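Student: Hi! Could you walk me through this one? I'd like to start with a close-up and then zoom out.

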Amino acid sequence: MLFLRSKQERNAQEQFKIKQLRELVEKSDELQVGTDEIFLTKFLHYTSWDTFKAYRAIHAYYDFKLKHPTWVCQNPIEYYRKIFFATNCRYVMPHTDKNGRVLVILKTVDAFQQYPNYLQYLIEMDDIIFESLLMLPRVQENGITVICDLQGTTRNFLRQFTPTFMKTVNDKNSVLPFSQRIVHIIQRGFLMHVTSSLFLPFMNKDFKERIFTHDGRHLGKLREMIGFDSLPAEYGGPATNVLDTNLIFNHLSQNAHYLEKLQDYKKLSIN
C-alpha cells in the first residue's frame, strides 16, 4: 500500500545512529522538536545516515522556519479541506514511479478571485503534503517525483513570482529533507515558458540538475522517465489512473494529530 507505515526493522548501526541523533537533539538548548524515530530518520536518510550532518540539517530546517514562519503550515488539517476540493490542484498517485518514488502532481489552477490569499494557501498546503509524505518509510528511502503542471498558469500567478518569493522557494527547497527529489515541469505557451524562466535561475545547481521540462503536447519523455503504468491518464498513462484529491486529503486527515504537532516544533532564537 502507498501509505504503509509499518515499523521498520533497524540493524544495529542504524539503531546506534538514531540513538546518537536523539541525544544530540535532546541536549540542544535551541531545538524544541520531537525525537521520535519517524522524525529523526527522515533527516538521517536525507544525509545518508551521517548523524552530524543530520543534526545540522535539523538546525537548517528550523532556521528556515524561524526566519520564514509563514512558509510552513500554521492551521489544523481540516482548515484546508474546502480549498483542496474547490481547486483540485494537489494530488498523490496511488502507485509509485518506476524507481519506487511516490508521485506527486502539482497543478497551477487560478483561484485568486475565489481566494484572495490563494498563494499563501498553496504554500501551506504544499508544506503539509511534503511533511505527510516524509512520514512514510518509502519516501524517506527513495524520495519523491513531482510533476509541476504549469499549463494553468495565468498572469495572476506571474504577479506573485517576485525575486524575493523565488529566492524563498529555493531556500526552502534547500532544507526539505528528501533523500531524492525529481521534478518534471510541464509547460505550453508563452506564459508557461515565462514561469519556468523566472523559476529556474533561483534554483541551486544540484536541484536544477534534477529538473526536467516537457512540452505539454509531447510527453513521451515523461512517460519514459516515470513509467507508463504510474503516469496519470491525462499525461498518457492508463485510463484507470485518474487524479483523485481524496487520496492525499484522506492521508492528511488520518495523520492530522502528528502533522499538527509538527507545527509546534521550532528553534529558539538565542543571541
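Tutor: Happy to! This is a predicted model. For a close-up, look at Asp-97: a polar atom of its side chain lies 2.8 Å from the backbone nitrogen of Asn-99.

Student: Where is Asp-97 found?

Tutor: Asp-97 sits in the loop between strand E2 (90-92) and strand E3 (102-107).

Student: And is Asp-97 buried or exposed?

Tutor: Asp-97 counts as buried, because its relative accessibility is 3% and the cut-off for buried is under 20%.

Student: What is Asp-97 in contact with, leaving aside neighbours within four places in sequence?

Tutor: Thr-145, Ile-226 and Ser-230.

Student: OK, new topic. Which residues in the largest nonpolar core touch the most other members?

Tutor: Phe-39, Phe-84, Tyr-118 and Leu-133, out of 70 residues in that core. Helix H5 (residues 118-133) gives the largest share of this core, with nine residues.

Student: Now the helices. At what angle do H1 and H2 cross?

Tutor: The axes of helix H1 (residues 12-27) and helix H2 (residues 37-46) cross at roughly 105 degrees and come within 10 Å. H1 and H2 are therefore roughly perpendicular to each other.

Student: Which residues meet there?

Tutor: From H1, Lys-17, Ile-18, Leu-21, Arg-22 and Val-25; from H2, Glu-37, Leu-40, Thr-41 and Leu-44. By class, this contact has five nonpolar, one polar and three charged residues.

Note on methods
Residues are numbered from 1 along each chain as its sequence is written. This is a predicted model: local features need pLDDT of at least 70, side-chain atom pairs count only at pLDDT 80 or more; totals for chains, interfaces and linings use all residues. Side-chain values use heavy atoms; hydrogens and water are left out. Axes are lines fitted to C-alpha atoms, for helices over the stretch in contact, and angles run from 0 to 180 degrees between N-to-C directions. Helices (H or I, at least four residues) and strands (E, at least two) are DSSP runs, numbered from the N terminus. Angles under 35 degrees count as roughly parallel, over 145 as roughly antiparallel, 65 to 115 as roughly perpendicular and the rest as oblique. Contact means heavy atoms within 4.5 Å. Ala, Val, Leu, Ile, Met, Phe, Trp, Tyr, Cys and Pro count as nonpolar, Asp, Glu, Lys and Arg as charged, and the others, Gly among them, as polar. Buried means under 20% relative accessible area, exposed over 50%, partly exposed in between (1.4 Å probe, protein chains only). A polar contact is a pair of N or O atoms within 3.5 Å; within protein, one must be able to donate a hydrogen and the other to accept it, and residues adjacent in sequence count only if both atoms are side-chain atoms. A nonpolar core is a set of buried Ala, Val, Leu, Ile, Met, Phe, Trp, Tyr and Cys residues joined through side-chain atoms within 4.5 Å.
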